[in-house]
Amino acid sequence: MLAAGSLAAAAADTWATEIGTLAGGAPRMITTWRLLPAGTSGGVTASGLLAALAGAAAMAGAAVAFGWSSSIAPAVLAGGVAGSLADSLLGALWQSRRRCDACAMATEQRVHRCGARTRASGGVAWLTNDAVNCGCALVGGIVTLALVRP
């Protein structure tokens, strides 16, 4: 069940990012609800939140399709959504932020796409996007386990 919740969280986060980006809309910071530039960590959109729900639901359905009891589907769904929201919160509050001085752009990369090295501009230095994604999956799995009735 830990695996199902973790996969649901990863799917929810990925669907939210990809579909939310394609659908457009003005992203808002999950903590303050202020408008943000697209691609900013911690940003959410209505379409992205709906996509997260759909991604988690797809994984809950897959768990049942692969023979798991249908009684765990709501826990997997909740774990997936919780993990995706945790990803946004971690991104907003603590994820490492960097800045490219050559382009005057915010980024998550140590070397910007223009080729210039970037400098730290906020967040916790070791909490990269990969670490935030790991936290997302961990939260999804733990929430799912906590909600499953023995």
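Student: Which residues of helix 2 does helix 1 meet?

Tutor: This is a predicted model, and contact here means heavy atoms within 4.5 Å. On the helix 1 side the residues are A4, L7, A8, A11, A12, W15, A16, I19, G20 and A23. On the helix 2 side they are S47, G48, A51, A52, A54, G55, A56, A58, M59 and A63.

Student: How many residues of the contact of helix 1 with helix 2 are nonpolar?

Tutor: Sort the residues of this contact by class. No charged residue takes part, and four are polar. The nonpolar ones number 16.

Student: At what angle do the axes of helix 1 and helix 2 cross?

Tutor: Two packed helices are described by the angle between their axes and the distance between the axes. For helix 1 and helix 2 the axes come within 7 Å, and the crossing is right-handed. The angle is roughly 145°.

Student: Is the crossing of helix 3 and helix 4 left-handed or right-handed?

Tutor: The axes of helix 3 and helix 4 come within 7 Å and cross at roughly 145°. The handedness of this crossing is right-handed.

Student: Which residues of helix 4 make the contact with helix 3?

Tutor: Helix 3 brings A75, V76, A78, G79, A82, G83, S84, A86, D87, L90 and G91. By class, the contact has eleven nonpolar, eight polar and one charged residues. The helix 4 side consists of V132, N133, G135, C136, V139, G140, V143, T144 and L147.

Student: What pattern does the protein chain follow along the sequence?

Tutor: The protein chain has four helices and five strands. Read along the sequence, they give the pattern α-β-β-α-α-β-β-β-α.

Student: Why does the radius of gyration of the protein chain agree with a compact globule?

Tutor: The C-alpha trace spans about 55 × 30 × 25 Å along its principal axes. With 150 residues, a compact globule would have a radius of gyration near 15 Å. The two agree because the value for the protein chain is 16 Å.

Student: Which element gives the largest share of the lining of the largest pocket?

Tutor: The largest pocket has a volume of about 780 Å³. Of its 33 lining residues, A16, T17, T21, T40 and G43 are the closest to the centre. Elements that give two or more residues to this lining are helix 1, strand 2, helix 2, helix 3 and helix 4. The largest share, eight residues, comes from helix 1.

Student: What is the volume of the second largest pocket?

Tutor: This pocket is lined by 18 residues, and G39, T40, S41, A106 and T107 lie nearest its centre. Helix 3, strand 3 and strand 4 each supply at least two residues of the lining. By class, the lining has six nonpolar, eight polar and four charged residues. The volume is about 450 Å³.

Notes: Residues are numbered from 1 along each chain as its sequence is written. This is a predicted model: local features need pLDDT of at least 70, side-chain atom pairs count only at pLDDT 80 or more; totals for chains, interfaces and linings use all residues. Side-chain values use heavy atoms; hydrogens and water are left out. On a 1 Å grid over the protein atoms alone, a cavity is a set of points where a 1.4 Å probe fits but cannot get out, and a pocket is an open set with protein on both sides within 12 Å along at least five of seven lines; lining residues have an atom within 4 Å of a point. Grid points are joined across faces, edges and corners, and a volume is the space filled by probe spheres set on the points. Ala, Val, Leu, Ile, Met, Phe, Trp, Tyr, Cys and Pro count as nonpolar, Asp, Glu, Lys and Arg as charged, and the others, Gly among them, as polar. Axes are lines fitted to C-alpha atoms, for helices over the stretch in contact, and angles run from 0 to 180 degrees between N-to-C directions. A crossing is left-handed if the near helix is turned anticlockwise from the far one by less than a right angle, and right-handed if clockwise. The radius of gyration is taken over C-alpha atoms; the globule rule is 2.2 Å times the number of residues to the power 0.38.
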